[in-house]
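Q: I have a structure open here and would like to go through a few spots with you. Could we take it one question at a time?

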Amino acid sequence: MACVNQQSFKLTRENWLEDHPKFKEIQSLGYFNEKSSLARAVITVYLDLCENKHWFGVCIRPCESLKLVYITGKRTKKSQLDVVVPLTIDTALTVEEIQDILQEVNRCEQEGEDAEMESSCAGSRVTVAFCETDSTVVYYDFFQGLVPPDPPDEEEEEEEQVKSVRKKVRQKKEKTHSKLAD
């Protein structure tokens, strides 16, 4: 029998994430030399989108002007390309910083589209993913400018009508009770 020399590399709970190929790709961009927690947030969001949310065509892209990476992908096979910017939970953002992120990421994505001839990006929406150290991810959608709300569902309209009728009935009862008290 031939003996095969196998080196066993033991993955542990502490090192599995750092040995992931995408984590190495993220670090190779050079933005996270002093911010390892941000690199961990990026890989956590990437894995959440791929494994938990089952997005399609998930890619990690650099944004040189922000010195950050963002993630693109599709929620369904036929949906538009969505843009997600991973940040750590302790990142404090001002309104101006959010606007800068929206503008710069959209600009980076448009430059990438010109190079790749792909024009399926949503454009005005950027999702910011805030990642906690325990791998909890909270997603917030940000839009450029004001966005009108979605129209109410028929059930919501019926509910509002029922509430309106109940309110009128209560008001009549209150008037009747106040007249009797006088």
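Q: Let's start with Cys50: does it count as buried, exposed or partly exposed, and at what relative accessibility?
A: This is a predicted model, and in it Cys50 counts as partly exposed, because its relative accessibility is 23% and buried would require a value under 20%.

Q: And how many disulfides are there by the distance rule?
A: The count comes to 0 disulfides.

Q: What about Cys131, buried or exposed?
A: Cys131 is buried, because its relative accessible area is 5%, and the cut-off for buried is under 20%.

Q: Switching to helix H2, how many residues does it have and how far does it reach?
A: Helix H2 covers residues 36–52, which makes 17 residues, and it reaches 23 Å from its first C-alpha to its last, close to the 24 Å expected.

Q: Which residues of H2 are buried, and what covers them?
A: Among the buried residues of H2 are Leu38, Val42, Tyr46 and Leu49, and the cover over the buried residues of this helix includes helix H1 as well as strands E1, E2, E3, E4 and E5.

Q: Last one: where is Thr76?
A: Thr76 sits in the loop between strand E2 (68–74) and strand E3 (81–88), and its C-alpha atom is 9.8 Å from that of Lys53, although the two residues are 23 apart along the chain.

Definitions and conventions: Residues are numbered from 1 along each chain as its sequence is written. This is a predicted model: local features need pLDDT of at least 70, side-chain atom pairs count only at pLDDT 80 or more; totals for chains, interfaces and linings use all residues. Side-chain values use heavy atoms; hydrogens and water are left out. Helices (H or I, at least four residues) and strands (E, at least two) are DSSP runs, numbered from the N terminus. The expected span of a helix is 1.5 Å times one less than its number of residues. Buried means under 20% relative accessible area, exposed over 50%, partly exposed in between (1.4 Å probe, protein chains only). Contact means heavy atoms within 4.5 Å. A disulfide is a pair of cysteine sulfur atoms within 2.5 Å.
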